[in-house]
Each structure stands twice: as C-alpha cells, then as structure tokens.
Amino acid sequence: MRLGAASTVLTLALALVAQPVLAQDEEPQPGPPLRLVAPPPDSDHESAQGAPPPAGISATTLEPPDLSWGDALGKGEAALPRDLWLGTPRAILRALLGQLGPSASPALRAVAQRLLLSGGAIPRGGDPAAGPSLALLRAQALARLGALSGAATVLDNVPAAKLGDAALRFRIELAFAANNIADACQRVAAGLTEHANVWWDEANIACDLLSGAREKAALSRDILHDRDPAADPQFDALIAATDGARGVKLDRRVVLTPLRATLWASSKRPLPVEMIATMDAPTAAAYAGSGAPAAIRLSAAERAAALGGWPPERLAELYGKAGLEDPTPAASPYDQRLGETPLGRAQLFATAQQNGDPARRVEALVQFLRAAQLHDFYFVAARLAAPIILAIGPGGATKEAAPSFTRALIAADHTRDAAAWLPLLDAPAADPLVTVVHAIEGVHPDDAAVGESLATLALHAKDPRRAIGLYLALISAYGVPLPASVLANEMGPARPGPVPSAALWLDLRQAATAHRRGELVLAGLIMVQDGVGLTTEPFRLLEVLAALRAAGFDVEARALARDLAVAVL
C-alpha cells in the first residue's frame, strides 16, 4: 500500500473509531431492587403474615443488606448490576481488596472505582476479629485508587458504632486528605474518650497545634510522654517543626499519613523528594492541598494527580498559583533543563497556555509532556495538554511535534481528534501506537503495516524485544491475524519476568468458569498491575483482556489496552 493511501485510510479510521472509555452500553441495566426484608406489618400484609407459601415454593428468610457494600457512587453516576459478586466467597473478596494497588492508568482506575463504588449483594459472613472489616478494606482500596470521596462515603454508610477503631481512624485520615481539618478534628474529639491509645492522643495533640492551641498541645504531649515513655521520633519531629524549631529533618524512609503530612505542611517546609515519590494518593493530596507555599507543593500535587487523588484541572490551578508566587522571570522553553523541576514544569505549562508565538508554545508543550513522562504523571499531563493542542491545531509549527501530540491526544481519550495530526507523521502506517489503536478499535492493519511497525520498534524502542512482544499480544488480542513469517522471525528463548501469584491466577480461572463477574474483573485488574504501572508481560495481558471481555467489560478492556500501548510503545 502506498504511504499516501495508508495515511488517508488511517486518518479516516481513527476519526471513526473513538469511543468513550467508561461507556457500558453493552452492559444490561439492573432491574428494580428486590425486597430483601419482609415488609412492615400493615392492613395489606397482616393477612399474609404466617401463611404457608403456595405449594411448590420454598420460603427463605433473607438477611438485611450488608452495609459494607452500600452504594457509594456520586450523583448521576451509573451503577453496575447488583449481582456481580454472586457466588464469590467472602474470604476471596477480602483477599482481593487487599491486593489491589494504586495505579497511574486512568482506565484501570475508572473500572476499578466503578466496580468498588457500586452497591450490591455481597457474600454473607463475619469478618475476622483481629482483621480489618470488609468496609475498611473496600475504603482503603478506593483510597489507593484516588477515590477519596468515595472511600469516605463507604465508611459513612456504616454506623459509627459498628466501624471499629481502625476504620474510624482511617475516616479521620480521609478528612485530612481532603484538607478538611475541622471535620477531621471534630471526629478526633468525638472518638477520643472511647478509643484510648497513642494514635488518638497524638491526633488530639495535632489538632490542638493546627488550631493554634500550642500550650494545650504541649501539656498533652507531656502527659503522653509520662504515660508512654516509648519514643516516637517521627511524631516528635513533626511537632518540633510545627513549633518552629530549626534543623528538623524527617527520616526519608518514613511513610507519612495524611494527618502527619498536614502537620509537616503547617511548618511551611518542603518534603524530601524521595518521600513524595512513594506517597499514596491520600497523603499526597493532603500535602498538595495544604497551606504550604505553592512551589513546594507541586511535586506532591503531581503525585496526587497521577494516582487519581487530584483531578488534572486542580494541578493546573496550582501551576498557575506557583507561577504567581515566584517573581523569577520564566526561562526559555528551549532550555532542556526546565522540565527537571516542578516549578520549571509549571513554567512550561504556562508558556504553552499563552497566546503568541506558536513555535514557542509547541516547544514548551513538547518539553512539558516529555518531562511528565520522566516524572511519572504522563496521563495527567496529556489531559492538561489536549485542549492546548487542539487550540493550536495542526500546521507547520506542529510538524515535528506531531508524534508527541498524537500520543498525548490518544492518552487523553481524544482519539478522534488525533486523526488531524496523522498526515504530519513521516510514516503513519509504520507507527506502532497508531496501528495498535486501530486494531483495538476494530480496524485491522495489513501485513505491511504490521511489519513496518515491528521494524520501527526494533530500531527505536528502549527494550525492543519486550515492546515487540507487547505489540504482537495487543493486536492479536483484537483479532489481527499474524503471518507465519512474522511469528517465525520474532521467536526467541524465554526471558525472565515477574510472575503473578499462582493462587491469583487460579482464582481468575475459577471465577471465569463459575461466571463470578465481579471477582473475575477484580482479580484481572490485580494481575495486570505492575507497581503503579501496567504489566508488559504478554501472557498476563492476554489473560486479563480476555477476563474483562468475558465479564462484559469490553469497552473498559479496550481503554486499558490503549493506556498500555501509550505507556510502552
């Protein structure tokens, strides 16, 4: 096929295939809710009370709904069917919730959050006396995915008297993550008398300090030290910093919580970069939204946004605020070192937003996207960049930026809009990302396009063999036939790689056989995770995509495949 013809076909195809990531059109909608408890006695029902059931029908007394899995979706969000967990053992659900980790993939977070926020019937049974409740496990999983408000709603659906100490403490941490210090401290005061332990005492001291009651906090701290001489050097360092002591340093190996990050932020001091790099979404959000100077909050804000704890728009607002607070003139976007610091990235984004020289805006945006990829918040940056890319539009100034802009638009779910940049690519038919996106959306590349894409990966990929394996897995998962010549050419010896838990893999298979859809999806999402990223192991990927599609989550599987293609190819 000639390049001109290929480009035309690819452009038209990409314009036609875009679909919203979170649509669930194929999913049957749940019917009206079933009554799970007997109706209250009244004149209409009293005659039926105690009457035997009709012949041939057995009567079963149903237990009331489990508040651990009440609906926690936001207003207007569509819930999934309530029977997704039918047949799943409670012990399996508990184990899976504990294994679901944070993710930088918007597609993975979207399907996982919707799955865990939707209310439904779940396996009956009690929770271990020494372990966390099911409601707490669900809330913690949602918080790791950045759904902080949803996690709080899960716990608020359960009466406080039934939550237990650990869940009440986590609910307070979520309030600090939302920068709602007043609510957090009200909850601390309410639980202080019933939960006498060091955590509550320290939380009370923190609240006194944050409210300005320093003498009261000092007295409480002295009492705590007299009663419990065991040192907590981290908390002492936080208190000293809040009191204005100089030379206070945090152990960079320590893991902060939202409460403790809020305390440190009140001292207006920066956090170690190494500490921010490993923060979870709630803690990053707590520091990012604090009253510390904007410039020192930028790294935490990028981390919070990358893990879903902050929307991209909020990061953009903080970029602007940091620029206003810093009187230093913005450096040239052609300075390749500008993207190395959070403030430099804020300046690049500000330059890209300005009306003026298109070439200068394009250069700033390309650098911003490149820096975001290096600092692990690329999908967030792509969503911030997409409106600017669309405003600039394809033209002479964007010729060299076309590959970067095409990738960013695909990452930001602007697949249809990316079609306008394809004619600017040197060889769209040989672009691995473009051909994979076409395959995922049902437009199969021909043998020549596949061959050219493989050659491009062999020349330019950081890890050619892994990238080629992933490319072949993705296009084959969506029905692209692979010629024998391609398979023969790419065969090689087995290579070592991370192997998922055998128990997890077996549970995935058992859930698929038994049609336990919620369990199947949750196990699949855990299997496809690799740190905060996605696996590049072809066998794990194929297994998970098949599981999601078998459970009726085909649209979400396609979105997940696109995220992986953007991250790797």
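Student: Are Trp69 and Trp85 buried or exposed?

Tutor: Buried means under 20% relative accessible area, exposed over 50%, and partly exposed in between, using a 1.4 Å probe and protein chains only. Here Trp69 is buried, and Trp85 is too. Keep in mind that this is a predicted model, where local features need pLDDT of at least 70, side-chain atom pairs count only at pLDDT 80 or more, and totals for chains, interfaces and linings use all residues. Residues are numbered from 1 along each chain as its sequence is written, and side-chain values use heavy atoms, with hydrogens and water left out.

Student: How many aromatic pairs are found in the whole structure?

Tutor: Rings of Phe, Tyr and Trp (its six-membered ring) pair if their centres lie within 6.5 Å; planes under 30 degrees apart count as stacked, over 60 as edge-to-face and the rest as tilted. The search finds 7 such pairs. In one of them, the ring centres of Trp69 and Trp85 are 5.5 Å apart and the planes are at 70 degrees, so this pair is edge-to-face.

Student: Which residue lies over the face of Trp69?

Tutor: A charge sits over a ring if NZ of Lys or CZ of Arg is within 6 Å of the ring centre and within 35 degrees of the ring normal. For Trp69 that residue is Arg138, at 4.5 Å from the ring centre. Likewise, the charged end of Arg549 sits over the ring of Tyr478, 4.7 Å from its centre.

Student: What is the relative accessible area of Tyr478?

Tutor: Its value is 7%, so Tyr478 is buried.
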